[in-house]
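I opened the model to look up its nonpolar core and its charged pairs.

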Amino acid sequence: MSNLVDFRQETREIIERARRERARVLDLSRRGLTVVPMEVFDLAELERLDLYNNQLRYVPPHIARLKQLKKLYLSDNLLTALPPEIGDLAELEYISVIEN
């Protein structure tokens, strides 16, 4: 159980560091995520978000808050649909959803 707790803490630290640094890229791939941490949607400068190879079953409509997002990687999850709010991402150039 402590490894899971450590992994979650590490994920929070990655997101916090991205917030402080106003990161344009955030890689949360291969982290065993079952949900996208809500703090991710506060990272307004993000241009690339890597969420592939997790256990995500859905993408929250809050994804629309990432107005600068150009690339979104969602492959290798458990998604069955995408929220219509993804259509609000005017800068989005690429989305990967294979192997869901």
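**Core and salt bridges**

I worked from a predicted model. I looked up the largest nonpolar core first: it has 24 residues, and Leu-26, Leu-49 and Ile-63 touch the most other members. Helix 1 (residues 2-21) gives the most to this core, with three residues.

I then listed the contacts of Leu-49, leaving aside neighbours within four places in sequence. Leu-49 is in contact with Leu-26, Val-40, Ile-63, Leu-66, Leu-69, Lys-71, Leu-72 and Tyr-73.

Next I searched the whole structure for salt bridges and found seven.

I noted the pair Glu-47 and Arg-24, whose side chains meet at 3.4 Å, N to O. Glu-47 is partly exposed at 26% relative accessibility, and Arg-24 is partly exposed at 49%.

I noted a second pair, Arg-65 and Asp-42, in a salt bridge at 2.3 Å, N to O. This pair links distant parts of the chain, 23 residues apart: Arg-65 is in the loop between strand 2 and strand 3 (71-73), Asp-42 in the loop between strand 1 and strand 2. Arg-65 is partly exposed at 38%, as is Asp-42 at 48%.

I also checked Asp-50, which forms a salt bridge with Arg-48, with the closest N and O atoms 2.9 Å apart. Asp-50 is buried at 3% relative accessible area, whereas Arg-48 is partly exposed at 30%.

Last, I recorded a network of salt bridges linking Glu-16, Arg-19 and Arg-20.

Conventions: Residues numbered from 1 in each chain as written. Predicted model: local features only at pLDDT ≥ 70, side-chain atom pairs only at ≥ 80, totals over all residues. Heavy atoms only, no water. Core = buried A, V, L, I, M, F, W, Y, C linked by side-chain atoms within 4.5 Å. Buried < 20%, exposed > 50% of the residue type's maximum accessible area, 1.4 Å probe, protein only. Helix = DSSP H or I, 4+ residues; strand = E, 2+ residues; numbered from the N terminus. Contact = heavy atoms within 4.5 Å. Salt bridge = Lys/Arg side-chain N within 4 Å of Asp/Glu carboxyl O.
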